[in-house]
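Let's take a walk through this structure together. Have the sequence and the 3D view open as you read.

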Amino acid sequence: MNAEARLAAALGQSAAPVRDPSFTLAVIRAAESERFRADAALSMLRWGGLAAAAACLGLVLAGWAGVHWDEVQNGILAAGGIFALVATARLMTQRLAPAAVR
Amino acid sequence: MTPNDETRLIAAARKGDSRAYAALVDAHQQAVRGFLRRFAGHWADADDLAQEAFVTAWRKLGSFEGRSSFRSWVSGIGFRIARDTKRAHGRAQVRDSDWLNEQENVEGGAPVEDRIAVQRAMAELPDDQRAAVALCLGEGFSHSEAADILKMPLGTVKSHVTRGRERLLRALEPNDER
């Protein structure tokens with residue numbers, strides 16, 4: 001065997017791996033877990049952004065409410081009035097409906 | 001696997017189909033692992049590098065333009081990961097004992113002395129030369145494919161392969177008396 005043939009044989013055999021299904025499985029597992037981590041990080045970032053925006057809005061509202069406390073009280077009273085009105089209307093509807101059936 | 005099958009699988013994998021990607025990994029793992037084993041010079045780490053290369057390829061599949069084959073593209077990713085890892089960890093250790101155990105399990109073919117001599121000579125080649133030799137002489141990539149993978153001019157790759165082959169042949173000379 002000449003030197004070229006010996007080199008080809010030695011190079012060909014020294015590292016040729018067999019096809020390994022567990023290698024494929026390991027790659028897919030690693031890829032899926034990386035994708036899961038990326039999705040989780042993105043989701044955390046999204047919810048974190050929303051929470052920060054909500055907190056900012058809350059702080060702004062609290063500051064505004066401190067300065068305009070009279071308007072806030074009027075708003076609360078008006079909302080309470082509307083709520084009471086709606087509740088009364090619903091109650092009356094519920095009582096009148098069975099009477100109309102009879 | 002025909003080029004059409006490969007294109008279809010790549011398109012499916014881009015949409016997140018992990019089965020399609022598994023088929024691609026299965027088809028090309030031998031070439032990529034073989035190249036990285038020859039380039040990195042030691043066994044277990046080379047498979048880790050190959051795994052990292054395939055995972056990176058999965059992440060970057062959207063940027064694969066199809067100008068080269070998938071096998072060449074992943075081999076290129078593997079080469080850069082291996083080179084950066086080696087730079088980060090300093091000169092890679094040659095694990096002779098592990099390597100010899102593997103060599104003894106190979107039956108028939110080239111004598112073990114030749115395989116050891118070639119492996120040692122490969123370890124002594126400069127990185128770019130070793131990568132070119134591993135691709136062209138070890139895995140049967142063409143010179144232009146190797147140039148694409150290694151991001152080197154074609155002439156440089158040809159010269160690396162020629163010089164690398166000469167050095168490997170010289171390493172076999174002491175065993176020539178057989």
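This is a predicted model: local features need pLDDT of at least 70, side-chain atom pairs count only at pLDDT 80 or more; totals for chains, interfaces and linings use all residues.

Start where chain A and chain B come together. Chain A brings 27 residues to the contact, while chain B brings 40 residues. How much area is buried between chain A and chain B? It comes to about 3,000 Å², and carbon and sulfur atoms give 61% of that.

On the side of chain A that touches chain B, α1 (3-15) and α2 (21-67) of chain A each supply at least two residues. That side of chain A is made up of 16 nonpolar, 4 polar and 7 charged residues.

What about salt bridges? Over all chains, the count comes to 10. One pair that crosses between chains runs from R165(B), in helix α9 (residues 154-172) of chain B, to E4(A), in helix α1 of chain A. The side chains of R165(B) and E4(A) meet at 3.8 Å, N to O. Across the interface of chain A and chain B, 3 salt bridges are found.

Next, turn to the second largest pocket, which has a volume of about 220 Å³. Which residues sit closest to its centre? They are R67(B), S68(B), W73(B), D148(B) and K151(B), out of 13 residues that line this pocket. Two helices of chain B, α4 (70-89) and α8 (143-150), each supply at least two residues of the lining. The largest share, 4 residues, comes from α4(B). Sorted by kind, the lining of the second largest pocket holds 3 nonpolar, 5 polar and 5 charged residues.

Terms used: Residues are numbered from 1 along each chain as its sequence is written. Chains are lettered from A and ligands numbered from 1 in the order in which they are written. Side-chain values use heavy atoms; hydrogens and water are left out. On a 1 Å grid over the protein atoms alone, a cavity is a set of points where a 1.4 Å probe fits but cannot get out, and a pocket is an open set with protein on both sides within 12 Å along at least five of seven lines; lining residues have an atom within 4 Å of a point. Grid points are joined across faces, edges and corners, and a volume is the space filled by probe spheres set on the points. Ala, Val, Leu, Ile, Met, Phe, Trp, Tyr, Cys and Pro count as nonpolar, Asp, Glu, Lys and Arg as charged, and the others, Gly among them, as polar. Contact means heavy atoms within 4.5 Å. Buried area is the accessible area (1.4 Å probe) that two parts lose on being put together, summed over both. A salt bridge is a side-chain nitrogen of Lys or Arg within 4 Å of a carboxyl oxygen of Asp or Glu.
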